[in-house]
Amino acid sequence: MSLATLDVSQHPVLPQSSTTLFEAKAKKKVSFEEIAKEVGRDEVAIAAMFYGQARASPEDIQKLSDYLGIEHATLEKQLSGFPDRGKSIEMPPKEPLIYRLYEIVQNYGYAYKAVLNEKFGDGIMSAISFSTHVEKEIDKDGNAWAIITLRGKWLPFSRF
């Protein structure tokens, strides 16, 4: 199994906690899925914490500290603040997988908007009241398919 690692030179604006967490992950040789099971969160939420894109609760910090063998005080200091979301990526993205996700929105964004508006009315899908999940599916021919579920609360635009 290949594990995600962090090349700090590719992500110069990530918080210090990213280096701390990725080094401990590499040392323990565990996947985000394994960490998520220990912490009791989705693996995407855990990965988002590692990149400084999601807030860790005190319970998350304690469980990460215990499981990854990171001094609790260090992790608490590094993870107790509010995340600075969105600053770790330039637009349009250059990393091929992230670019493909961006390309999905470029190609199908207005189609999603039209269908969502027809189903829900004038509004937006929240990225704050939000969850996501990644699954792997193998078809009858042995091809791997990525299934990404995006679940966001519908927020109707208010009239003023």
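Reply: The account below goes from the helices to the rings and then to the annotated site.

The model is predicted, so local features are reported only at pLDDT of at least 70 and side-chain atom pairs only at pLDDT 80 or more, while totals for chains, interfaces and linings use all residues. Residues are numbered from 1 along each chain as its sequence is written, and side-chain values use heavy atoms, with hydrogens and water left out.

Helix 2 spans residues 32–39, and its buried residues are Phe32, Ile35, Ala36 and Val39. Helices here are DSSP runs of H or I with at least four residues, strands are runs of E with at least two, and both are numbered from the N terminus. Buried means under 20% relative accessible area, exposed over 50%, and partly exposed in between, with a 1.4 Å probe and protein chains only. Gly40 follows helix 2 and has a positive phi, near 85°.

Helix 3 buries Ala45, Ile46, Ala47, Met49 and Phe50. These residues pack against helix 1, helix 2, helix 4 and helix 5 (72–79). At the start of helix 3, the backbone nitrogen of Val44 is reached to within 2.8 Å by a side-chain oxygen of Asp42. Just after helix 3, Gly52 adopts a positive phi of about 75°.

The rings come next. Rings of Phe, Tyr and Trp (its six-membered ring) pair if their centres lie within 6.5 Å; planes under 30 degrees apart count as stacked, over 60 as edge-to-face and the rest as tilted. By this rule there are 6 aromatic pairs. One of them joins Phe22 and Phe32 edge-to-face, with 6.0 Å centre to centre and 85° between the planes. Because Phe22 lies in helix 1 and Phe32 in helix 2, this pair ties together parts that are 10 residues apart in sequence. Both Phe22 and Phe32 are buried. Phe22 also pairs edge-to-face with Phe50, at 5.2 Å centre to centre and 85° between the planes. Phe22 counts as buried because its relative accessible area is 5%, and Phe50 does so because its value is 0%. Ring pairs join Phe22, Phe32, Phe50 and Tyr51 into a cluster.

Two further rings carry a charge over them, a term that requires NZ of Lys or CZ of Arg within 6 Å of the ring centre and within 35 degrees of the ring normal. The charged end of Lys28 sits over the ring of Tyr67, 4.4 Å from its centre, and that of Arg55 over the ring of Phe82, 4.2 Å from its centre.

Lastly, an unreviewed UniProt entry lists Arg100, Glu103 and Ser126 under "active site"; such positions follow the numbering used here, feature names are shortened, and annotations may be inferred rather than shown by experiment. Glu103 belongs to helix 6 (residues 96–120) and counts as partly exposed because its relative accessibility is 23%. The side chains of Glu103 and Arg100 are joined by a polar contact of 2.9 Å. Such a contact is a pair of N or O atoms within 3.5 Å; within protein, one must be able to donate a hydrogen and the other to accept it, and residues adjacent in sequence count only if both atoms are side-chain atoms. Ser126 sits in strand 1 (residues 123–138) and is buried, with a relative accessible area of 5%. The side chain of Ser126 reaches the backbone nitrogen of Ser129 at 2.7 Å and that of Ile128 at 2.8 Å. Neighbours within four places in sequence aside, Ser126 is in contact with Gly152, Lys153 and Leu155.

Methods
Contact means heavy atoms within 4.5 Å.
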